[in-house]
Amino acid sequence: MISEMAKRVRDILSMFVLAIFSKVIGTKPYSRRSAPAEPESEANECLSWRLAVEANNMPGWSTVPLHCLSHVETYMMGGQYEQDVNYIVEQIESYVSQVVLKGDGCDAWILDIDDTCISNLFYYKDKNYGCDPFDPGGFVAWVMKGECPAIPAVLGLFTKLVEGGFKVFLLTGRDQQTLSPATIANLHNQGFIGYHRVIFRNQSFKGKSAVVFKSEVRKQLVEEGYRIWGNVGDQWTDLQGECLGNRAFKIPNPMYCVP
């Protein structure tokens, strides 16, 4: 009897000491301590960074913050990027369905090439998803391989535009003299056939910004009599400047910024 009472007192004292200890360290009895808040906070910061980039609140940014490498990798490779692109293309196609073409051969649509029509994701994977500084020579070598895969949703959009009677112009900052053969071959082997014209950056635009170059090209098209119903690109500089067209649509890209 006395032994049983002693055991009960000992158990009560043990629970009392554990409760005090738990209160001191900020946990409940028998619970596991929660993980440190830093990783979640860091993930939220990177999500905010990506939102700022896509909203063009950080124009001219140079590289992805190193601590956001995992976030960008997960976004690009984990399915969310593909879902976002598909959703945007659905919005574009909804708009296209409402356009009434004039039927005179002057209804135009502009698509950027890099990371709009075809993807450089495999190249940027080796560049830590944009955490590494831009490597011009390395990028040229990658383009010359002609291995950029089509972005499926945009290829589907391209096909619908061509079949629907639009004159589709593919407008790119790639250099005409050195990269046009590899680029055209890459586009063809990925199914981009039936466009009206591919327009590269030529020597007359050397040293000029993307906005100046693409604005001038669009202006020339308008002067030729084309009506630009839509303009799609992954960079804000694809969608700024003069003669933007009736609607502009941004494809997400958190890996690099073209100033």
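Reader: Phe 169: buried or exposed?
Author: Buried. This is a predicted model, and Phe 169 has 0% relative accessibility in it.

Reader: And Tyr 226, buried or exposed?
Author: Tyr 226 also counts as buried, because its relative accessibility is 13% and the cut-off is under 20%.

Reader: How do the rings of Phe 169 and Tyr 226 sit?
Author: Edge-to-face. Their centres are 5.0 Å apart, with the planes at 80 degrees. Over 60 degrees counts as edge-to-face.

Reader: What does the pair tie together?
Author: Parts that are 57 residues apart in sequence. Phe 169 is in strand β2 (residues 167-175), while Tyr 226 is in the loop between α9 (210-223) and β4 (227-233).

Reader: How many aromatic pairs in the structure?
Author: There are 13.

Reader: Which residues do ring pairs link into a cluster?
Author: Tyr 123, Tyr 124, Phe 134, Phe 139, Trp 142 and Tyr 256.

Reader: What lies over the face of Tyr 75?
Author: Arg 50, at 3.9 Å from the ring centre. Tyr 95 has Arg 247 over its face, at 5.2 Å from the ring centre.

Reader: Switching to helices. At what angle do α4 and α7 pack?
Author: About 15 degrees, with the axes 9 Å apart. Helix α4 covers residues 80-96 and α7 residues 152-163. The two are therefore roughly parallel.

Reader: Is the crossing of α4 and α7 left-handed or right-handed?
Author: Right-handed.

Reader: Which residues make the contact?
Author: From α4, Val 85, Asn 86, Val 89, Ile 92, Glu 93 and Val 96. From α7, Ala 153, Val 154, Gly 156, Leu 157, Lys 160 and Leu 161.

Conventions: Residues numbered from 1 in each chain as written. Predicted model: local features only at pLDDT ≥ 70, side-chain atom pairs only at ≥ 80, totals over all residues. Heavy atoms only, no water. Phe/Tyr/Trp six-rings, centres within 6.5 Å; stacked < 30°, edge-to-face > 60°. Helix = DSSP H or I, 4+ residues; strand = E, 2+ residues; numbered from the N terminus. Buried < 20%, exposed > 50% of the residue type's maximum accessible area, 1.4 Å probe, protein only. Lys NZ or Arg CZ within 6 Å of the ring centre and 35° of its normal. Axes fitted to C-alpha atoms, helices over the stretch in contact; angles between N-to-C directions. Parallel < 35°, antiparallel > 145°, perpendicular 65-115°, else oblique. Left-handed = near helix turned anticlockwise from the far one by under 90°. Contact = heavy atoms within 4.5 Å.
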